[in-house]
Amino acid sequence: MRNIVIAGNWKMYKTQRESSEFLQGFMPELGQTPEDREVILCTPFTDLGVMSKNLQNSRVQLGAQNIHWEDEGAYTGEISGSMLTEIDVRYVIVGHSERRQYFGETDETVNKRLLAAQRHGLIPILCVGETKEQRDLDQTEAVITKQLTKDLVDVDQQQLVIAYEPIWAIGTGDTCQTDEANQVIGMIRSQLKVADVSIQYGGSVKPNNIDEIMAQPEIDGVLVGGASLEAQSFARIVNYQ
Ligand code: PGA
């Protein structure tokens, strides 16, 4: 069965103090959240320790935003799997378009990071998606097929979440039409070996479009940037109708 997976991606926002303030507003709202929804917060590394303590015995799972492929070593600025698992991180975003665009992430390094995450028992959230230009040239399927083919070499699809994030919809307020997102996600599913991989949509998910997004049959959840930073707004998304 495909799980419903709702994840906030805080990117480079929120200090430890701000992360604790967020939880004060957010946690009380989870009382009405159906049990079958997995709720995840992917925070900056510096927030993970305090978040891990604050989220003990709660239903919210913790996620990181990157992982290095080696278990340890001289890799200034990187983070290892055991550093994450020791503080109860369960998920990690891999291959986000901002990492691909600004930090030289390639399909080869994405693949290595996915394998490292799984080796450490973390569930990776693999992000794929096309640029505006690629979409306009009708290359969406070809671009995503190439990403999936390269990124998923030797990856265990039983321990995987995929996020379809059209790059032109990220942080722009320009959400992909829900039926279009549904169709692309169906196409992604048709390329997987495992039928029940949860596939999220990401890109300008907001309280005012979440109900429509989650009504689509292929969409199993959302990866939320901007709207996950404010407690009431992310609560509305988690508690979609
Ligand atoms: P956004 O970001 O919700 O702010 O568009 C989504 C993401 O980058 O994961």
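**Entry 1: the sheet.** I looked up the fold of this predicted model and found a closed barrel of eight strands in the order S1-S2-S3-S4-S5-S6-S7-S8, paired in parallel. Strands (E, at least two residues) and helices (H or I, at least four) are taken as DSSP runs numbered from the N terminus, and two strands pair if DSSP finds at least two bridges between them. On average, neighbouring strands are turned by 25 degrees against each other, direction ignored.

I then checked one pair. S1 (residues 4-9) and S2 (residues 37-42) are joined in the parallel sense by six bridges. For Asn9, I noted Cys42 as the bridge partner in S2.

**Entry 2: conventions.** I count residues from 1 along each chain as its sequence is written, and side-chain values use heavy atoms, with hydrogens and water left out. Local features need pLDDT of at least 70 and side-chain atom pairs count only at pLDDT 80 or more, whereas totals for chains, interfaces and linings use all residues.

**Entry 3: H1 and H2.** I looked up how H1 (residues 16-26) packs on H2 (residues 45-54): the angle is about 35 degrees and the axes are 9 Å apart. Axes are lines fitted to C-alpha atoms over the stretch in contact, with angles from 0 to 180 degrees between N-to-C directions. The contact (heavy atoms within 4.5 Å) involves Gln16, Ser19, Ser20 and Leu23 of H1, and Thr46, Asp47, Val50, Met51 and Asn54 of H2.

**Entry 4: the ligand.** I found 13 residues around the ligand, of which Lys11, His96, Glu165, Gly171 and Ser204 come nearest; a residue is near if one of its heavy atoms lies within 4 Å. For polar contacts (pairs of N or O atoms within 3.5 Å), I noted a side-chain N or O atom of His96 at 2.7 Å from a ligand oxygen. A side-chain N or O atom of Glu165 is also 2.7 Å from a ligand oxygen. From Gly226, a backbone N or O atom lies 2.9 Å from an oxygen of the ligand.

Terms used: A polar contact is a pair of N or O atoms within 3.5 Å; within protein, one must be able to donate a hydrogen and the other to accept it, and residues adjacent in sequence count only if both atoms are side-chain atoms.
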